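Work through these exercises with the model open beside you. Try each task before you read its solution.

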Amino acid sequence: MTRALLLGLALVLAALIALAAGTGDFSAAGNWLLSHPWGRVTLADLYAGFLLSALVIGLFERSWTARLAWIAPVFVLGNVWTAIWFAWRARELVRRLSAP
């Protein structure tokens with residue numbers, strides 16, 4: 001159930017990105033974000049979340065190779081990739097977080 005929900009979230013995010021890429025102007029949107037205070041706050045919040053996700057992934061993955069393979073795409077693919085990682089590790093996350 002948890003995996004399906006997380007994979008569904010990743011699909012919804014990917015669909016929204018595809019829709020925006022197909023109909024929006026990425027350059028104009030980026031310029032708007034960078035020129036407005038709340039746009040800059042939103043980007044800072046987004047990348048802070050990416051860093052937190054990278055930290056969690058880094059703490060859970062055992063090898064440096066796996067860490068790099070999972071962390072590097074977070075800063076390009078964003079929370080689509082993070083949701084896929086959470087789905088991949090859902091059982092272990094639940095087990096480790098619920099252990100006394």
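**Exercise 1. The pocket**

How much space lies in the largest pocket? Then find which residues lie nearest its centre, and sort the lining by class.

*Solution.* 
Step 1. Keep in mind that this is a predicted model. The largest pocket holds about 730 Å³ of space.
Step 2. Its lining consists of 23 residues. Nearest the centre lie Ile17, Phe26, Leu33, Leu46 and Val76.
Step 3. Look at where the lining comes from. Two or more residues each are given by α1 (2-23), α2 (26-35), α3, α5 (74-77) and α6.
Step 4. Sort the lining by class. There are 18 nonpolar residues, four polar and one charged.

**Exercise 2. The overall fold**

*Solution.* 
Step 1. Reading along the sequence gives the pattern α-α-α-α-α-α-α.

**Exercise 3. Helices α1 and α6**

Are α1 and α6 roughly parallel or roughly antiparallel to each other? List the residues that meet.

*Solution.* 
Step 1. Start with what must be found. Two packed helices are described by the angle between their axes and the distance between those axes.
Step 2. For α1 and α6 the angle is about 165°, and the axes are 8 Å apart.
Step 3. Angles over 145 degrees count as roughly antiparallel. Therefore α1 and α6 are roughly antiparallel to each other.
Step 4. The crossing of α1 and α6 is left-handed.
Step 5. From α1 come Arg3, Leu6, Leu7, Leu9, Ala10, Leu13, Ala14 and Ile17. They meet Asn79, Val80, Ala83, Ile84, Phe86, Ala87 and Trp88 of α6.
Step 6. By class, this contact of α1 with α6 has 13 nonpolar residues, one polar and one charged.

**Exercise 4. Helices α3 and α6**

How do α3 and α6 run relative to each other, roughly parallel or roughly antiparallel?

*Solution.* 
Step 1. Locate the helices: α3 covers residues 37-60 and α6 covers residues 79-88.
Step 2. Their axes come within 11 Å and cross at roughly 25°.
Step 3. Angles under 35 degrees count as roughly parallel, so α3 is roughly parallel to α6.
Step 4. The crossing of α3 and α6 is left-handed.

Technical notes: Residues numbered from 1 in each chain as written. Predicted model: local features only at pLDDT ≥ 70, side-chain atom pairs only at ≥ 80, totals over all residues. Heavy atoms only, no water. Axes fitted to C-alpha atoms, helices over the stretch in contact; angles between N-to-C directions. Helix = DSSP H or I, 4+ residues; strand = E, 2+ residues; numbered from the N terminus. Parallel < 35°, antiparallel > 145°, perpendicular 65-115°, else oblique. Left-handed = near helix turned anticlockwise from the far one by under 90°. 1 Å grid on protein atoms, 1.4 Å probe; cavity = no way out; pocket = protein on both sides within 12 Å on 5 of 7 lines; lining within 4 Å. Points joined across faces, edges and corners; volume = space filled by probe spheres on them. Nonpolar A, V, L, I, M, F, W, Y, C, P; charged D, E, K, R; others polar. Contact = heavy atoms within 4.5 Å.
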